[in-house]
Amino acid sequence: MRERTWQLKKPKPKPKPKPQVTDEVRQAVDIQAAKIVKHLKKRFRKPGKQPLFNWSEDLITRWHRDALYFIVIMRTPHGLPPTFESRAARMEHAGNGKFNLAVPIRQGWATVKETASADECLKVVGEYVDL
């Protein structure tokens, strides 16, 4: 019978570094995203006199690493907690001023557009993001 011994495993290759978002691209996208946020806030509905369900109160954008998140702030009728955040969409930088647009699903993110310009991604966000 063969004697078992420990052997070194070959190291995994290092993943390619993700492209960084430049400040110029970030500022340009922020200006365009502000217009989309203003448009989407018009679609909010006011809650009834005694609401039973959560409702959308505000919409903000937030950069986290190299991705721009569209975040909906929800208000609860019972006040415990008074508000919470829910992510509506993510624009992840793919390099060369291109972005991958994704929407949240039950167990992660579903990519809707790959390597699209910021204008194309923001147009999709403005038309199809459900609030």
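**Close-up views of a predicted chain**

**View 1. Lys14, out ahead of the helix.** Lys14 sits in the segment before α1. (Helices are DSSP runs of H or I with at least four residues, strands are runs of E with at least two, and both are numbered from the N terminus.) Is Lys14 buried or exposed? Lys14 is exposed, with a relative accessible area of 79%. Here, buried means under 20% relative accessible area, exposed means over 50%, and partly exposed is in between, using a 1.4 Å probe and protein chains only. Lys14 and Tyr69 are 55 residues apart in sequence, and their C-alpha atoms are 27 Å apart in space.

A quick note on what you're looking at: this is a predicted model, where local features need pLDDT of at least 70, side-chain atom pairs count only at pLDDT 80 or more, and totals for chains, interfaces and linings use all residues. Residues are numbered from 1 along each chain as its sequence is written, and side-chain values use heavy atoms, with hydrogens and water left out.

**View 2. The whole chain, for orientation.** The chain has two helices and five strands, and along the sequence they come in the pattern α-β-β-β-β-β-α. Its C-alpha trace spans about 80 × 40 × 20 Å along the principal axes. The radius of gyration is 21 Å, while a compact globule of 131 residues would have one near 14 Å. (That radius is taken over C-alpha atoms, and the globule rule is 2.2 Å times the number of residues to the power 0.38.) Of the 131 residues, 29% count as buried.

View 3. How many salt bridges does the structure hold? There are six, a salt bridge being a side-chain nitrogen of Lys or Arg within 4 Å of a carboxyl oxygen of Asp or Glu. One of them joins the side chains of Arg26 and Asp66, at 3.9 Å from N to O. This pair links distant parts of the chain: Arg26 is in helix α1 (residues 23-41), and Asp66 is in the loop between β1 (55-64) and β2 (67-75), 40 residues apart. Arg26 is partly exposed at 23% relative accessible area, whereas Asp66 counts as buried at 16%.

**View 4. Glu57 and Arg75, strand to strand.** These two side chains form a salt bridge, with their closest N and O atoms 2.8 Å apart. Glu57 belongs to strand β1 and Arg75 to strand β2, so the pair ties together parts that are 18 residues apart in sequence. Glu57 is partly exposed, with a relative accessible area of 36%. Arg75 also counts as partly exposed, at 26%.

View 5. Arg90 and Glu92 form a salt bridge, and their closest N and O atoms are 3.9 Å apart. Salt bridges with shared partners join Lys18, Arg90 and Glu92 into one network. Arg90 is buried at 15% relative accessible area, while Glu92 counts as partly exposed at 22%.

**View 6. The buried side of helix α2.** Which residues of helix α2 (residues 118-128) are buried? They are Ala118, Cys121, Leu122, Val124, Val125 and Gly126. An α-helix has 3.6 residues a turn, so residues three or four places apart point the same way. The buried residues of α2 pack against α1, β2, β3 (83-95), β4 (98-105) and β5 (108-117), where a contact means heavy atoms within 4.5 Å.
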